[in-house]
Amino acid sequence: MSMIQVQEARDKILSKIKVKGVEKVSLDQALGRVLAEDVISEVNNPPLDNSAMDGYALIAEDIASATPETPIQLEVVEEIAAGYSAKGALKSGQAMRIMTGAPIPTGANAVLMQEDTDKDGTFILAKDRADLEENIRKAGEDVQKGETVIKKGVTLSPAHIGMMAVVGRSQVAVGQRPTVSILSTGDEILELDQKPEGPQIYNSNGHMLAAQIRSAGGIPVYLGIAKDTEKDLMEKFEWALQSDIVVSSGGVSVGDYDLVKASLEKMGQEMLFWKVAMKPGKPLAFGRIGDKPIFGLPGNPVSSFVSFEQFVRPSLKKVMGCSDLAHPTVQAKLTRTIHKKPGRLHFLSAIVSSSDGEYTVTPAGEQGSGVLKSAANANGLLIFPLEEAEIKEGEQVAVQLLDINNPQSL
Ligand code: AMP
Ligand code: MG
C-alpha cells in the first residue's frame with residue numbers, strides 16, 4: 001500500500017467525480033444551491049434616471065449663485081412620487097418636488113436636497129448650489145441590460161437571491177443535489193436508541209456524516225450499521241449503491257476485522273486504497289462500482305470528520321457544479337508554539353478569530369483522533385505542513401475555515 005500526499009489523493013478523487021444534472025427551482029428555493037447558468041440581466045436598474053433624495057428637481061444653472069444668505073426663489077410646479085412620472089417638462093425658474101426613487105422630469109439636471117431649501121407657499125428658496133447630476137441615480141447605473149450579474153458555479157447567498165430579484169428572475173437553474181448513502185461499520189457500534197453495554201459505543205460518525213453531507217448540499221441517506229462480516233457489509237453496500245455516492249466509516253485499517261476493502265473488491269470495485277500522509281485519518285479507501293464513487297473513511301471520529309472535509313466535501317461540491325471546491329483558507333497568527341514529527345500533514349482542530357483585520361489561531365485542546373470534543377469546539381482546521389516539526393508562536397499558518405453556516409443545512 002503506497003503512502004500518498006493529501007493534495008494528490010484529492011486530485012485523484014476529484015478526477016473521477018462527474019457533475020450531476022441541472023434542475024430549475026423557484027428563486028425562493030435557491031438559497032445554498034449552486035448556480036448552473038450565468039444570470040444575465042434583461043433590464044436596466046434603475047430603469048430610468050431617478051432621485052437619490054427627497055428634495056427638488058431643478059436646473060443646476062438656475063441656482064449657481066445660491067447661498068444661505070442669497071437664496072434663489074423657484075416656483076414649484078409639480079410633485080413626483082416614486083412610481084409616477086411628471087406630467088410636464090421643467091423650465092428655467094421652476095422646480096418640482098421629488099421623492100427618493102421618483103423619475104427625474106425632462107428638463108431637470110439636478111436634485112437639491114430638501115434640507116437645503118425653505119418652503120415659501122408655492123415657491124421654494126434654494127439655499128445652496130447644486131452640481132450637474134447631483135443626487136441623480138442614472139438609468140442602468142446599478143445593472144446594465146445584458147450584464148452578467150452572477151456567474152455560474154457560485155453557491156447562492158441571500159444577497160444573490162436579492163440580486164436575481166432585482167433583475168426579475170423568478171426561476172433559476174441549479175445543480176442537482178446528490179444523494180449520499182452513509183454506512184457505519186463495526187460490531188461495537190450502536191444506534192442511539194439502544195442501550196450500550198461494555199465496549200459498545202454510539203454511532204456518532206453516522207450522524208455526523210449525515211450533517212456534513214447536508215451542510216455540503218448533499219442529501220444524506222442513513223443506512224445504519226453493518227456488522228464486521230463480509231456478508232453483512234456486502235449486503236449493506238448493495239443497498240447503498242442506490243444513491244449517487246456512498247460513504248462508509250470504519251473497517252479500512254489493517255485490523256483483522258477491517259473488511260470494507262475486501263468486501264468492496266468482491267463487489268467489483270475498482271479500488272484505490274491509500275495511506276494518506278495526514279493525521280488524523282491515514283487510511284482511506286476510494287473507488288467506484290460502475291461509475292458510483294465510494295469513500296471508505298476511517299472509523300475514528302475525528303479522522304472520519306477530517307477525511308470527509310478533505311475528500312468528500314469537495315467531491316460533493318464538484319457533483320453540484322460548484323466552481324470553487326476548496327475550503328476558504330486564511331493565514332492566521334499562531335498563539336502558541338506547536339510541534340510534531342515530520343512526514344505527515346497534520347490537521348489540528350482550531351479556533352480562529354479575527355481582530356483589527358488580522359486572524360489569530362489557537363489549537364482547540366487535545367488533538368487525538370478519537371477526541372471529537374476538540375473538533376466540536378473548533379471553527380477551523382490548522383494546516384501543519386508535512387515536513388515541518390515546529391511552528392513558533394507568532395508565525396503565520398494556513399487555516400481552513402469550516403463551512404459551518406452553509407444555508408443548505410437549514
Ligand atoms: P476502525 O477503523 O473500524 O478500526 O475504527 C477505529 C475506531 O473508530 C474504533 O475505536 C471504533 O470503535 C471507532 N468507530 C468506528 N466507527 C465508528 C462510528 N460509526 N462511530 C463512532 N466511533 C466509531
Ligand atoms: Mg471497525
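Predicted model: local features only at pLDDT ≥ 70, side-chain atom pairs only at ≥ 80, totals over all residues.
Residues are numbered from 1 along each chain as its sequence is written, chains are lettered from A and ligands numbered from 1 in the order in which they are written, and side-chain values use heavy atoms, with hydrogens and water left out.

**Exercise 1.** Determine which residues come nearest to ligand 1, and describe its polar contacts.

*Solution.* 
Step 1. A residue is near a molecule if one of its heavy atoms lies within 4 Å of it. Around ligand 1 there are 17 residues, and E188, N203, S204, G251 and G299 come nearest.
Step 2. A polar contact with the ligand is a pair of N or O atoms within 3.5 Å. An oxygen atom of ligand 1 lies 2.5 Å from a polar side-chain atom of E188. A nitrogen atom of ligand 1 lies 2.9 Å from a polar side-chain atom of N203. The backbone of N300 provides a polar atom 3.1 Å from an oxygen atom of ligand 1.
Step 3. Ligand 1 taken alone exposes 480 Å², of which the protein buries 79%; accessible areas come from the Shrake-Rupley method with a 1.4 Å probe.

**Exercise 2.** Classify the residues of the shell around ligand 1.

*Solution.* 
Step 1. Ala, Val, Leu, Ile, Met, Phe, Trp, Tyr, Cys and Pro count as nonpolar, Asp, Glu, Lys and Arg as charged, and the others, Gly among them, as polar.
Step 2. The shell then divides into 4 nonpolar, 11 polar and 2 charged residues.

**Exercise 3.** Describe the largest pocket and its lining.

*Solution.* 
Step 1. On a 1 Å grid over the protein atoms alone, a pocket is an open set of points where a 1.4 Å probe fits, with protein on both sides within 12 Å along at least five of seven lines; lining residues have an atom within 4 Å of a point.
Step 2. The largest pocket has a volume of about 560 Å³, the space filled by probe spheres set on the points, which are joined across faces, edges and corners.
Step 3. Its lining consists of 34 residues, and G250, S253, P298, G299 and N300 lie nearest the centre. By class, the lining has 12 nonpolar, 15 polar and 7 charged residues.
Step 4. The space taken by ligand 1 is this largest pocket.

**Exercise 4.** Locate the cis peptide bonds N45 to P46 and K279 to P280.

*Solution.* 
Step 1. Strands are DSSP runs (E, at least two residues), numbered from the N terminus.
Step 2. The bond from N45 to P46 has omega near -5 degrees, and P46 is in the loop between β3 (39–40) and β4 (50–51).
Step 3. For K279 and P280, omega is about -5 degrees; P280 is in the loop between β20 (278–279) and β21 (283–289).

Note on methods: Polar contact = N/O pair within 3.5 Å; in protein donor to acceptor, adjacent residues only side chain to side chain. Sits in = over half its atoms within 2 Å of the grid points. Helix = DSSP H or I, 4+ residues; strand = E, 2+ residues; numbered from the N terminus.
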